[in-house]
Amino acid sequence: MSEIKNLKPTCVWRNFHALTQVPRPSGHLEKVQQFLLDFAKKAGVEAYIDKANNVVMKKAATPGMENRKTVILQAHMDMVPQKAPESHHNFETDPIETHIDGEWVKANNTTLGADNGMGVAAIMAVMEDKEMKHGPIEGLITADEETGMFGANDLPEGELDGDILMNLDSETWGKFVIGSAGGIDITAELDYKEVETDSTDAAVKVTLSGLRGGHSGLEIHEGRGNANKLMVRFVHDAIRQTEARLATWHGGNMRNAIPFKAEVVLTLPKENVEALKELATDWKEEFIEEYRDIEKGIELTVEEVATPKTQVPEPIQDNLIAAIYACHNGVERMIPSLPSVVETSSNLAIIDIEAGKATFKILARSSSEEMKAYVSEMLQSCFNMAGMKVNFSGSYVGWDPNPDSELLKMLLKVYKEQNNEEGIVQVDHAGLECSIILGKYPHLDVVSFGPTIRSPHTSTERCLIKTVEPFWQFLKQALEEVPTK
């Protein structure tokens with residue numbers, strides 16, 4: 001295994017390597033919080049955990065720079081725990097296994113955690129640097145961004161003194177993000193009473209796998225396959241053609257990740273098992289043809305299993321299948337004034353049907369509050385017609401762009417000086433914590449940037465090595481050129 005901590009700049013890669021050795025999936029952050037506190041103590045900077053479980057670090061200005069505006073460097077400490085089917089990785093206990101593959105740093109069949117570990121590593125490098133010139137700096141490393149932006153939502157007002165916020169959670173070097181979409185979590189639930197399975201029936205487990213998955217904000221427009229939406233087509237056909245009945249369904253595991261795998265258990269008359277297997281072969285060929293330019297590894301497998309004692313009642317089954325079919329998934333609309341940027345989308349991320357309870361989880365995004373409300377009502381209407389109860393949670397507003405930002409102008413100047421090309425200013429469909437933090441600190445001047453990361457929220461996540469050195473040199477000069485108060 002290659003030693004990524006020896007890559008340049010060593011100050012960033014060494015800290016990122018150390019971070020990969022600390023388990024930090026969303027919802028399990030105690031170890032990484034202590035790791036960051038221990039780091040800050042060793043680096044000689046003030047640090048504490050606030051009431052929102054964020055880690056806050058504060059570093060005094062270097063001599064002669066005390067009159068500069070205070071900069072908040074912001075990243076999130078948690079990572080999405082996704083792994084390939086063949087991986088036995090335990091995100092709560094095991095370190096991430098990294099390796100160098102050509103010009104990329106990758107992980108061994110798991111998410112790498114460069115989202116947003118590279119941002120955290122850069123903050124650590126700034127905090128421990130004794131030579132860098134800078135004004136007052138605050139490091140805000142937020143908790144549980146990936147599952148609901150809880151650290152940003154619960155950030156105490158009046159805790160930070162910053163005038164400028166540099167968010168380090170963008171994923172294409174050379175692009176400067178000045179706006180992002182808002183989002184809302186939508187959960188549909190239905191309790192039902194299971195019915196007994198015919199004791200003479202057989203049962204099969206059908207697995208749809210091999211999809212690319214991906215980030216439901218950054219990659220929702222690419223037309224990647226959603227395992228739940230593909231599986232429903234097969235299940236519907238199996239019910240119609242082979243007298244199959246639904247016993248269980250499990251698809252997806254993170255709201256903000258396009259689901260790459262789904263499993264269902266179906267019961268059916270024994271004499272129809274071979275027909276169902278043939279049907280699965282036909283649907284696999286159909287999916288491969290439909291996604292031939294997008295997905296390269298689609299698998300649809302059938303395995304005979306022990307017949308479960310109970311299954312979903314037929315009327316409930318039919319309603320749930322109809323709801324999955326009807327549920328909007330993917331892009332709803334592009335921004336009219338920026339037709340290359342997604343405005344509104346939804347991701348049918350998680351389906352769990354088992355033991356008398358059906359739960360669907362969706363993340364809807366929009367840079368328009370009116371369109372966010374529209375897609376939310378649309379989805380609620382869909383699920384209500386299936387008899388499901390719908391709850392909304394974790395809503396956050398979009399980040400309105402400020403193209404006249406003083407910070408943006410300074411960053412673009414520094415970028416051009418260092419790279420001899422113009423930086424690209426953009427608005428992202430992916431949600432960033434900036435909008436939430438601005439709601440509590442509206443005076444902040446905010447821009448987001450970072451090194452290049454691809455396929456976040458998937459087991460093929462990777463960081464482009466050659467972008468980390470210029471990212472670091474850029475950050476150092478930007479901190480040195482922060483204007484006076």
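Biologist: What stands opposite K106 in strand 23?

Modeller: The residue opposite K106 in strand 23 is R462. The model is a predicted one, in which local features need pLDDT of at least 70 and side-chain atom pairs count only at pLDDT 80 or more, while totals for chains, interfaces and linings use all residues. Residues are numbered from 1 along each chain as its sequence is written, and side-chain values use heavy atoms, with hydrogens and water left out.

Biologist: How many bridges join strand 5 to strand 23?

Modeller: Two strands pair if DSSP finds at least two bridges between them. Strands (E, at least two residues) and helices (H or I, at least four) are DSSP runs, numbered from the N terminus. Here, strand 5 is joined by three bridges to strand 23 (residues 462-464), and the two run antiparallel.

Biologist: In which sense do strand 4 and strand 5 pair?

Modeller: Strand 4 (residues 98-101) pairs with strand 5 (residues 104-107) in the antiparallel sense, over four bridges. I100 has V105 of strand 5 as its bridge partner. Two residues lie between the strands of this hairpin, and G102 takes a positive phi near 65° there.

Biologist: What is the order of the strands in the open sheet?

Modeller: In a regular strand the side chains alternate between the two faces of the sheet. This open sheet has four strands in the order 4-5-23-22, with antiparallel pairing. Strand 4 and strand 22 (453-454) each have a single partner strand and stand at the edges, so one side of each lacks a neighbour in the sheet. Strand 22 pairs with strand 23 over two bridges in the antiparallel sense, and I453 has C463 of strand 23 as its bridge partner.

Biologist: At what angle do helix 9 and helix 11 pack?

Modeller: Two packed helices are described by the angle between their axes and the distance between the axes. The axes are lines fitted to C-alpha atoms over the stretch in contact, and angles run from 0 to 180 degrees between N-to-C directions. For helix 9 (residues 406-419) and helix 11 (residues 468-480), the angle is about 130° and the axes are 10 Å apart. That makes helix 9 oblique to helix 11 (under 35 degrees would be roughly parallel, over 145 roughly antiparallel, 65 to 115 roughly perpendicular, and the rest oblique). Contact means heavy atoms within 4.5 Å. On the side of helix 9, the residues include M410, L411, V414 and Y415, and on the side of helix 11 they include P470, Q473 and F474.

Biologist: How far apart are the axes of helix 5 and helix 6?

Modeller: The axes of helix 5 (residues 227-242) and helix 6 (residues 273-290) lie 10 Å apart, and the helices pack at an angle of about 150°. Among the residues that make the contact are L230, R233 and F234 of helix 5, together with L276, L279 and W283 of helix 6.

Biologist: Into which domains is the chain divided?

Modeller: Domain bounds come from an automatic or database domain assignment. The chain is divided into domain 1 (4-180 + 399-481) and domain 2 (183-396). Their C-alpha centres lie 34 Å apart, and the contact takes 20 residues from domain 1 and 25 residues from domain 2.

Biologist: Is the peptide bond from K8 to P9 cis or trans?

Modeller: The bond from K8 to P9 is cis, with omega near -5°, and P9 is in the segment before helix 1 (10-20). The bond from D115 to N116 is also cis, with omega near 5°; N116 is found in helix 3 (residues 114-128). In the loop between strand 5 and helix 3 is N109, a residue other than glycine with a positive phi, near 65°.
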